[in-house]
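Hi everyone, thanks for making time this morning.

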Amino acid sequence: MADTHARHTAESVRNIALVGHASSGKTTLTEELLALAGSIPSPGAAEKGNTVSDFTEQEKRSGHSLNVSVCHLEHDGALINLLDTPGYPDFIGRTLAVMPAVETAAVVINAQHGIEFVTEQIMAAAASQKLCRLIIVNKIDAPEANAEAVLEQIRSVFGSECLPLNLPANGGQKIADCFFEPADAEPDFSSVQTAHTEITDQIVELDDELMELYLEQGESISLEQLHDPLERALRRGHLIPVCFTSAKTRAGLRQLLRVFSQLMPNPFEGNRIEIQRGQGNTTPFRTDPGDDSGHFVGHVFKLTVDPYVGRLAAFRVHQGTLRAGDQVYIGDRRKGVKIAHIYRLQGRETKEVPAAAAGDICAVAKIEGIEFNDILHTSHDEDGLVMQRRGIPEPMHALALRLTQRGQEKKLSDGLHKLVAEDPSLAIEQDAETNETIIRGMGELHLRSALERLREDIGVEIETHAPKVPYRETVTRTADGHCRHKKQTGGAGQFGEVYLKVEPLERGAGFEFLDQTVGGSIPGQFIPAVEKGVRQVLSQGAVTGNPMQDIRVIVYDGKHHPVDSKEIAFVMAGKKAFLDAVNKANPIVLEPIARIQITLPNRFVGDISGHLAGIRGRIGSNDATTDGKTRITAQVPIAELEDFQATLKSLTGGEGTFTLQLDHYASAPANVQKTLAEAYRPSQEA
Ligand SMILES: Nc1nc2c(ncn2[C@@H]2O[C@H](COP(=O)(O)OP(=O)(O)OP(=O)(O)O)[C@@H](O)[C@H]2O)c(=O)[nH]1
Ligand SMILES: [Mg+2]
């Protein structure tokens, strides 16, 4: 099929992200809408694993969308780009990442459950990014659905500006239009007339002239007359329309298509998406969807690295037009790349198009070096543009990786870099101390799916374990140490003698090294060698193999030999004298204590407090948040937090979140000291 969309101008484009809690029906809605509009021959089903948007093996297995899918359909002269996003909390980073690509966030709510955890998070994120919002209450057919109660809840939580465009009828089997052509129907609750009046009142409030006309004309204000003030009301968050649907029976879907094409904003009508000029610079670059002749500026809001297709970058055009054959700059790079092919996406299907016009969403493939969040542009005038990552959470859940086979290090590192390139909330780091590769993600499912990808796509087998706890050693009293290092093996000998003292310092003070020798007992040029020896022990540890800290070392005497004294001799003497002193200075193990902040619904506070007490946690504060939750701040030994993510999730049904950071080091309990020392000793003796 030739590209039927080439003729579309920015006015006819609607960019809509379907967002909301897991299992509210976003993927099913996408599928049914595509089928209804004739974009696909027949709808698949999420549970059969044959939908347009959940096409990866992992998604089919898990029954949840794990990635954002870009789809499109045509309806009533409009080109509707529909982004199906994951609702599972672990993948929320990917969902939040698409917000700068759309004018509308269509928030799907499950009529059986009402407002859920992600619903609130996403409503707030969409509001803070100034997106127009639409609420879709789906699953009105389900026996447990209570559409009336859900609408009441929506209005009490998100405000009275949430007003229905239609209402369920026939026990949720149909809907009654209350806006376009108010139906002569009996909805399941409220009335068509009431809903019609409420929404019209809300819209005309923003337009004095229309208000006057409305008062004169009464109900006969036309849809055309309402259009502009309606867009203004959406932009300002003065109106959040609510629609009812059943993706299963298709009730309300035709009307939803009409809402998308006739009411939701085109790229001109939505709030402008702001791109910053320069990092930390506050002057926004005003993207102009209307300037089709200007330089092309696009933003990569999703990247997939597929072993067969290669890099596929989905981008939103913020200004100008990208044509096949154009040269494009990625970010601030001097050298451009030629874009030979441009695609329109339908889930995993790609269809080549000659150009990507202002306001539209398209993709480019196999362009090396493109990363998530990159700005693509055709002129160096647009160097230095950055899209701020707003509200994408920092990953906190960590796992250490170990390869089960040797020689796959490069493969693993390449694989990890690919994963990180596609995922805004995945991070990798190398722990310099333990030499372990640590992967950080949003939660257990997130990391598990990343590791599955590594196994399946890249073919590396890995074992995981909780990252090694970064213990430390220190001393608790002052002690002297001595070593006379002497070696005579034929030729030149080695000689160095050191007397030193160790003193405990306060927590967090680190390490101090002082030279208090007098009369050249150790010549000045050998003092650094003594320090080098001491530092070797310091980084390797004396009793448990963990680095030492909070220690002062004072070298106060020694002896040298005019011929046999050399650097190596003093390194050895310094090392052994220090070990001698540490062993007499009552060394102990310090354990890291994290400061942890947990946010959760009030009803779980008792359970979590009990759990924290059981893992040696000390609760500092307990505050109410503005959104009706509790935030607990506590200090907990990091060694006890290995399973915390899973525990919090199971205790709170996935509604609790936490952040943690290192707070301080404290003496580890006696049993931990003993176990660590015993585990270390044999390896030393071997
Ligand atoms: N009864 C009923 N079931 C529905 C409806 N819409 C979706 N479902 C079912 O609800 C389940 C979840 O639907 P999905 O479309 O996968 O939900 P989702 O919002 O995409 O979920 P995530 O991808 O995890 O965020 C599937 O079993 C669907 O068949 C509906 O309108 N009525
Ligand atoms: Mg889904």
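In helix H12, the buried residues are Ala529, Val530, Glu531, Gly533, Val534, Val537 and Leu538. By buried I mean that 20 or more other C-beta atoms lie within 10 Å of the residue's own; exposed is 12 or fewer, partly exposed is in between, and the C-beta atoms are placed from the backbone. Helices (H or I, at least four residues) and strands (E, at least two) are DSSP runs, numbered from the N terminus.

A word on ground rules: this is a predicted model, where local features need pLDDT of at least 70 and side-chain atom pairs count only at pLDDT 80 or more, while totals for chains, interfaces and linings use all residues. Residues are numbered from 1 along each chain as its sequence is written, and chains are lettered from A and ligands numbered from 1 in the order in which they are written.

Back to H12, which runs over residues 527–540. Its 14 residues reach 20 Å from first C-alpha to last, close to the expected 20 Å, the expectation being 1.5 Å times one less than the number of residues. After H12 comes glycine 541, with a positive phi near 85°.

What covers the buried side of things here? The cover on the buried residues of H12 includes strands S29 (494–504), S30 (511–515) and S31 (551–559), along with helix H13 (567–584).

Arginine 552 has 17 other C-beta atoms within 10 Å, so it counts as partly exposed. It touches Glu503, Leu505, Glu512 and Leu514, leaving out residues up to four places away in sequence; contact means C-beta atoms, placed from the backbone, within 7 Å. Threonine 478 sits in the loop between strand S27 (472–475) and strand S28 (479–487). It is partly exposed too, because it has 15 C-beta neighbours inside 10 Å.

Now let's zoom out. The chain is split into domain 1 (10–201 + 241–262), domain 2 (275–386), domain 3 (397–468), domain 4 (473–586) and domain 5 (589–672), with bounds from an automatic or database domain assignment. The centres of domains 3 and 4, taken over C-alpha atoms, are 40 Å apart. Overall there are 16 helices and 35 strands, and 45% of the 686 residues count as buried.

On to the cores, meaning sets of buried Ala, Val, Leu, Ile, Met, Phe, Trp, Tyr and Cys residues joined through C-beta atoms within 7 Å. The largest nonpolar core has 122 residues, with Ala106, Ile135, Val137 and Ala313 making the most contacts inside it. Helix H4 (residues 117–128) gives the largest share, 6 residues. Domain 1 and domain 2 both contribute residues, so this core lies between them. Apart from it lies another core of 29 residues, including Val530, Val555, Ala569 and Ala581.

Last stop, ligand 1. Which residues come nearest to ligand 1? Of the 22 around it, they are Gly25, Thr27, His64, Ser65 and Gly87, where a residue is near if its C-beta atom, placed from the backbone, lies within 6 Å. Helix H1 (residues 26–36) gives the most to this shell, 3 residues.

Notes
Contact = placed C-beta atoms within 7 Å.
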